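Good morning, and thank you for joining. I would ask you to have the sequence and the model open as I speak.

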Amino acid sequence: MKHTLFLFDLDDTLLDFKASEQRSFELTMAELGLRDDIDALFAHYQAINLALWRSFEQGAVSKDFLKVERFRKTFAEHRLELDPAAASRLYLESLSNTVVLIDGALRLCETLAGLGEVGIITNGIHHIQNRRIASSGLGRHISFVATSEACGHAKPDSRFFEYTAAMAKSFVKHETIIVGDRLDADILGANRFGMESCWFNPGRLANDSAALPTCEVASLDAVVPALRALAQA
């Protein structure tokens, strides 16, 4: 295998963020005394949250603003007299404890850690992501965690990948590969920084973007065979 550094996105690549997000949201609303029509509220929250994360990745809003604003806007549009700051605090506390692994994640990280170095690259909140990794059991196979919060720049910004490269024990660009589910952050970021990439695409979505993955897999169990095929190409 030609790769010695394996950089993984965390949410929806190694950890099932969607499952964790929904459970954490439900627990947060219950703590605030709200138990009716949660599914509709959650769907609206997701849309607002996604838009705010896109704004953050473009440098338009701060992460501290995002954390509270997503709840403030959701509550305002549903005319709910709930405290968005309290909701944010409860949600983030819950998120650390509602960790769900993507099938094959632990096995994959263990295998690749035996072949080189495994790092995490995430736009998520620094202390939350570290707590989630610890809860998941992945931590013993991971060398470092690069977060946009600690870096000051988010994927796909090349400055984030410069920061990531400095964290690795040894960084050789042509021996590094990024594995992630998002074309607009992980794969595009790899393209801009001149690294190979593996698009984790379990939904078998069409690629209608400008991002060009080096290879594509529909399951984490397919990653190692795909990387071996690249080494033989």
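E57 counts as buried, because its relative accessibility is 15%; the term buried means under 20% relative accessible area, exposed means over 50%, and partly exposed lies in between, with a 1.4 Å probe and protein chains only. R54, at 29% relative accessibility, is therefore partly exposed. R54 and E57 form a salt bridge, with the closest N and O atoms 4.0 Å apart; by salt bridge I mean a side-chain nitrogen of Lys or Arg within 4 Å of a carboxyl oxygen of Asp or Glu. Both residues sit in helix α2, three residues apart, so about one helical turn separates them. Helices here are DSSP runs of H or I with at least four residues, strands are runs of E with at least two, and both are numbered from the N terminus.

A word on the source: this is a predicted model, in which local features need pLDDT of at least 70 and side-chain atom pairs count only at pLDDT 80 or more, while totals for chains, interfaces and linings use all residues. Residues are numbered from 1 along each chain as its sequence is written, and side-chain values use heavy atoms, with hydrogens and water left out.

To return to the charged pairs, R54 and E57 belong to a salt-bridge network that also links R182 and D184. How many salt bridges does the structure hold? The count is 15. One of them joins the side chains of R132 and D11, at 2.6 Å from N to O. This pair connects distant parts of the chain, since R132 lies in helix α6 and D11 in the loop between β1 (5-8) and α1, 121 residues apart. R132 and D11 are both buried. A further salt bridge pairs D12 with K18, whose closest N and O atoms are 3.2 Å apart. D12 is buried, its relative accessible area being 17%.

Let us turn to the open space. The largest pocket contains about 970 Å³. A pocket, on a 1 Å grid over the protein atoms alone, is an open set of points where a 1.4 Å probe fits, with protein on both sides within 12 Å along at least five of seven lines; lining residues have an atom within 4 Å of a point. Its volume is the space filled by probe spheres set on the points, which are joined across faces, edges and corners. Of the 39 lining residues, those closest to the centre of the pocket are D11, D12, K18, D181 and R182. Which helix gives the most to this lining? Helix α2 does, with seven residues.

The largest nonpolar core has 28 residues, and F8, L14, L112, I120 and L220 have the most contacts inside it. Such a core is a set of buried Ala, Val, Leu, Ile, Met, Phe, Trp, Tyr and Cys residues joined through side-chain atoms within 4.5 Å. Helix α10 provides the largest share of this core, five residues. A second, separate core has 16 residues, including F25, A87, L95 and I128.

Beyond its neighbours within four places in sequence, S24 is in contact (heavy atoms within 4.5 Å) with Y91, S94, L95 and T98.
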